[in-house]
Amino acid sequence: MDRTTTGPADHGPVLVLGGTTDGRELATLLVAAGIPVTSSLAGRVTQPNLPPGGVRIGGFGGTTGLIDFLRSHAITAVVDATHPFAEHITAHAALACNHTGTPLLRLARPSWSTRAQAATWHWADGLTEARIVAEGLGSRIFLAIGRQDLHRFASWEHRYVLTRVITAPESALPESWEVISARGPFRCDDEQDLMRSRNIQVLVTKDSGGPTTAKLDAATVLNIPVVIVRRPALPAGLATVSSPREAFSWAARIRGNARR
């Protein structure tokens, strides 16, 4: 699918690498201000919540493909509003924008490491360490890491594992696992009910950041240990903001400069 929009030939749209709530909010702000925008979604979720403005769905074909897209669509600026763990597209964007001289900004919600830390939280450098830490904390595990990395935990075939996804996993999972299909946001009370009903002993999640802390708050109330996977490092020198409003101001300024 490709529903791109372009502006005048000498200053095309802002490209938002999206798929997140923040990306949709940024696109909404840009459209409201009359700034052409194209949001790019990876296409891993069926029936995605599409943002306003131009939309394209699917990969670019690596750094080279993204370079071609930036040039062929006269992209004015790029805002990387992908998930904090979408490290490949973030790396590709940094390389492509550096190659083409296109201004680039990273939009990412503040890490949970910046908020008050509960005594039951355990931080892990990567999924392998998270698996090892969780194994020492309990055998009934709520694995809330998204569907793409579930196969990394397939060795837990003799443990009860609850996982929640928007789109069904592509690979087969152990029979001892329970898969729930649901789309957030979720309420803290509902998360507590879910964890109690499954007698959850450990929560494993990624540092998605921002205000979506219902599962963390629920685990804290129930005194359930939480294993949090730290975010991957960003490319050196990448400018970062934490809110769609800040990203909008940056993009509007870049766009205004491009039109002079």
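**Close-up views of a predicted model**

View 1. F69 is buried, with 8% relative accessibility (buried means under 20% relative accessible area, with a 1.4 Å probe and protein chains only). F60 is buried as well, at 17%. These rings form an edge-to-face pair, with 5.2 Å from centre to centre and 65° between the planes. Rings of Phe, Tyr and Trp (its six-membered ring) pair if their centres lie within 6.5 Å, and planes over 60 degrees apart count as edge-to-face. By this rule there are three aromatic pairs.

This is a predicted model, where local features need pLDDT of at least 70 and side-chain atom pairs pLDDT 80 or more, while totals for chains, interfaces and linings use all residues. Residues are numbered from 1 along each chain as its sequence is written, and side-chain values use heavy atoms, leaving out hydrogens and water.

**View 2. Arginines over rings.** Here you can find the charged end of R164 over the ring of F186, 3.7 Å from its centre. Likewise, the charged end of R140 sits over the ring of Y160, 4.1 Å from the ring centre. For Arg, this calls for CZ within 6 Å of the ring centre and within 35 degrees of the ring normal.

**View 3. The buried face of helix α5.** Helix α5 spans residues 188-197, and its buried residues are E191, Q192, L194 and M195. They line one face of the helix, because they fall within an arc of 160° seen down its axis (using directions from the axis to the C-beta atoms). Among the elements covering them are β8 (140-144), β11 (202-206) and α6 (214-221). Just after α5, N199 takes a positive phi of about 55°.

Definitions and conventions
Phe/Tyr/Trp six-rings, centres within 6.5 Å; stacked < 30°, edge-to-face > 60°. Buried < 20%, exposed > 50% of the residue type's maximum accessible area, 1.4 Å probe, protein only. Helix = DSSP H or I, 4+ residues; strand = E, 2+ residues; numbered from the N terminus. Contact = heavy atoms within 4.5 Å.
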